[in-house]
Amino acid sequence: MLNIDEILYWLRETDPERLEKLWARADKVRAEKVGRQVHLRGLVEISNYCVRSCRYCGIACGNKSVARYRMEADEIVECAGLALEYGFGTIVMQAGEDYGLDAKDIAGIISRIKEKYGIAVTLSLGERPDGELEMWKNAGADRYLLRFETSDSQLYQAIHPDLPGRKSDRFAILRKLQSLGYETGSGVMTGIPGQSYESLARDIEMFGQMDLDMVGIGPYIPHPGTDMAKPGWTGKDIDPDAQVPRGSLMTFKAVALTRLVCPEANLPSTTAVASIDGGDGRKLALARGANVIMPNLTPEKYRRLYDIYPDKACLRNEDENSGLSVAQMLESIGRVPGTGAGGRFKSGGA
Ligand code: 5AD
């Protein structure tokens, strides 16, 4: 286990040779605790409507230049079939926080997928009310992903404004998800303007304390249609020396450290890390603690519209999304595609 000072030390380390030690340590723990398998989760972005106005996100409700879409139930179920066909044990349904996605309709889609294909169903639909989370669990959902984005409450408030009359408390929702029996995933972005090393170190310490099943970490990527991308914008006034830099290196460090504090968790090599700094990010994160990939299965006609940040890897490299090329990539780094759903979920799956 690592204490907060060790986490801070590694986050501030920039010497490539010394960092090799961190990579090796994370890779060893990954191999011992979760093995060689890389679990594949088919990601389907089912709607880009959102009621939120997160300062970092390109599909925030105020962005009038995005065309909005919401997938039909049959289309979503079809994508789950595709996931099974590709040998992925899980479908992840992700969307903006979209109340046009009616809770009962979502429950219906979950039961259809479970009945027809038996794969694990993961939801990532934002801060929905407890009753809906419970309804979806009862309909057969297995997992829920909700990043807390940053554990610094002042920074969080600045980047993720509350809805009128409703205080956003993602930690409370995460506890609720755990109590409902969901396998629960969270995570953060690295390099948000106003994020200090201390606060990122606390995020990582927190992952360890929260008993999370999954932790997704990606670099913050400025989106030109957002406030946060404006020069000089910051979520919190901090010493310039304390600012966590953008870029993939910081994400690799955070992933490696998270592997050390949460040895058995599922850690994705995220699309965001694959999207910047030349495209080797996907493999490098896998070599530095990660054990999950989420290939994008969103139908072509919608994919471009799920524009949370620019130049997403799944838009420029179509190959990376077919099951075959993922298997080849994994083979090239001495890993194998996961079998089954990969997680506490046991029955069914490919
Ligand atoms: N850069 C990187 N990640 C982002 N996300 C949203 N916008 C951006 C961005 N501009 C991440 C958030 C969210 C997840 C679905 O995508 O962490 O939880």
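Me: Which backbone oxygen does the side chain of S332 reach?
Reply: The side chain of S332 reaches the backbone oxygen of M329, at 2.6 Å. Before we go on, this is a predicted model, where local features need pLDDT of at least 70 and side-chain atom pairs count only at pLDDT 80 or more, while totals for chains, interfaces and linings use all residues. Residues are numbered from 1 along each chain as its sequence is written, and side-chain values use heavy atoms, with hydrogens and water left out.

Me: Thanks! Where is S332 placed?
Reply: S332 is in helix α14, residues 323-332. Helices here are DSSP runs of H or I with at least four residues, strands are E runs of at least two, and both are numbered from the N terminus.

Me: And how far apart are S332 and D74 in space?
Reply: They are 36 Å apart, C-alpha to C-alpha, and 258 residues apart in sequence.

Me: New topic, the ligand. Which residues surround it?
Reply: Among them are Y56, C57, Q94, R147, E149, M189 and I221. Being near means that a residue has a heavy atom within 4 Å of the molecule.

Me: How many residues of each class are in that shell?
Reply: The shell has 8 nonpolar, 1 polar and 2 charged residues. Ala, Val, Leu, Ile, Met, Phe, Trp, Tyr, Cys and Pro count as nonpolar, Asp, Glu, Lys and Arg as charged, and the others, Gly among them, as polar.

Me: What does E149 do there, in terms of distance?
Reply: An N or O atom in the side chain of E149 is 2.6 Å from an oxygen atom of the ligand. A polar backbone atom of I221 lies 2.7 Å from a ligand nitrogen atom, and a backbone N or O atom of Y56 is 2.9 Å from a nitrogen atom of the ligand.

Me: How much of the ligand does the protein cover?
Reply: The protein covers 87% of the 400 Å² of accessible area that the ligand has on its own. Such areas come from the Shrake-Rupley method with a 1.4 Å probe.

Me: Last one: is D211 buried or exposed?
Reply: D211 is exposed, with a relative accessible area of 61%. Exposed means over 50%, buried under 20%, and partly exposed in between, using a 1.4 Å probe and protein chains only. D211 lies in the loop between α8 (197-209) and β6 (214-219), and its phi is near 55°, a positive value in a residue other than glycine.

How values were computed:
A polar contact is a pair of N or O atoms within 3.5 Å; within protein, one must be able to donate a hydrogen and the other to accept it, and residues adjacent in sequence count only if both atoms are side-chain atoms.
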